[in-house]
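Let's take a friendly look at the aromatic side chains in this model and at what surrounds them. Here are the sequence and the structure.

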Amino acid sequence: MNHFQVKTIVHFGADALTSLQRIENKRILVVTDPFMIKSGMIEKVKQQLEEKNEHITIFHNIVPDPPLENIVNGVQIMSAADPDIVIALGGGSAIDAAKAICLFKNRMNQKETVAKEVTFIAVPTTSGTGSEVTNFSVVTDSSKNVKYPLVSDEMLPTEAILDPELVKTVPPFITADTGIDVLTHALEAYVSTLSSDFTDAFSEKAIRLVFAYLEKSFRNGEDHLAREKMHNASCIAGLAFNATSLGISHSMAHIIGAKFHISHGRSNGIVLPYVIEYNANIKGYTDRNFSMAASKYADIAKLLNLPSSDTRNGVKNLILAVKKLRKELGMPASLKEAGVKKEEFYRELDNLVEVAMQDKCTITNPRTPSVKEIKSLFEQAYVGK
């Protein structure tokens, strides 16, 4: 028996942020990053809350790829603030940090006689991670340069607020990186060993939205419709992979980001075409015994109206479409192009392979990789082709 559940209430569309106005007489902790303060984005949230709530604490020290010490500091702030509601405002790092802070604080509370139930509201300001509807969080051990995924239903936000007004000023390069991350989430969820009819519906919709609206939002940040659709696509893809987990694109991207400090979405964009080809595992031009992954990739090609006279042709053209989109977004096609030096890459290669093999996302990849195969994929991603 299988099951599928959506816990998070999603408020979306124009003026979605006004849903915060219903909160009154509560103690509130806002977890965010310095840019949200500097840009004035925090004021948009405070305006919805200050009239009816006196106790608002702002923790704005979240940094990209939040390290463990950042989380520990947040737990201390949360303990002092004693909030009824935690609001995470920002991109994936802010939301992931807030999740981890709430998780560790909740574990501490469980040791007490009466544990306080806290409402957790996620307000994303980028369209990429889908973190507002997932039970995943990624934290970094800065001493080892390794990212660790945390997985617990305790981290699922109670509510998510998708307001396109909050993403219209996102710079083009971040729009590109986060948008490719959405595509990777949806494609990996679609071929995951845990995929189902329910998750496939979310994945298919997210993929169609990305190909229809990502380049538009990249070219013109003021395109309100494109921004709204990509914000929705990010959340929809999150609903899919929260149930299915992901695959080796993410296993590789996690350690690439940690070792070479390349953004997560950009890392995924580099490795994704090679992973699709690997997962499809099409042998020669006469073999008709196609894998499940190859057939599903071909279904996506048909969904996107790409030439797909047969499964082999569909997979080939999906890979070409991903590469074309990546090029239109001005993204690097290889780790070398992204600035990784050859000697640095090969010095780290064995460690990259070891960590990717142990990554939890590898478990649900449609094809179980060997150490040799993962190593080959990293090498392909380094040189590009």
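## Aromatic pairs

The structure holds six aromatic pairs, where rings of Phe, Tyr and Trp (its six-membered ring) pair if their centres lie within 6.5 Å. One of them joins F345 and Y382, whose rings are stacked (planes under 30 degrees apart), at 4.6 Å centre to centre and 15° between the planes. F345 belongs to helix α12 (residues 342-358) and Y382 to helix α13 (residues 371-383), so this pair ties together parts 37 residues apart in sequence. Helices here are DSSP runs of H or I with at least four residues, numbered from the N terminus.

This is a predicted model, in which local features need pLDDT of at least 70 and side-chain atom pairs count only at pLDDT 80 or more, while totals for chains, interfaces and linings use all residues. Residues are numbered from 1 along each chain as its sequence is written, and side-chain values use heavy atoms, leaving out hydrogens and water.

## Around Y382

Both F345 and Y382 are buried, meaning under 20% relative accessible area with a 1.4 Å probe and protein chains only. For Y382 the value is 4%.

Y382 also pairs with Y346, edge-to-face (planes over 60 degrees apart), at 6.3 Å centre to centre and 70° between the planes. This pair links Y346 in helix α12 with Y382 in helix α13, 36 residues apart.

## Elsewhere in the model

F4, F198 and F202 form one aromatic cluster.

The charged end of K296 sits over the ring of Y190, 4.4 Å from its centre. That description requires NZ of Lys or CZ of Arg within 6 Å of the ring centre and within 35 degrees of the ring normal.

Conventions:
Helices (H or I, at least four residues) and strands (E, at least two) are DSSP runs, numbered from the N terminus. Buried means under 20% relative accessible area, exposed over 50%, partly exposed in between (1.4 Å probe, protein chains only).
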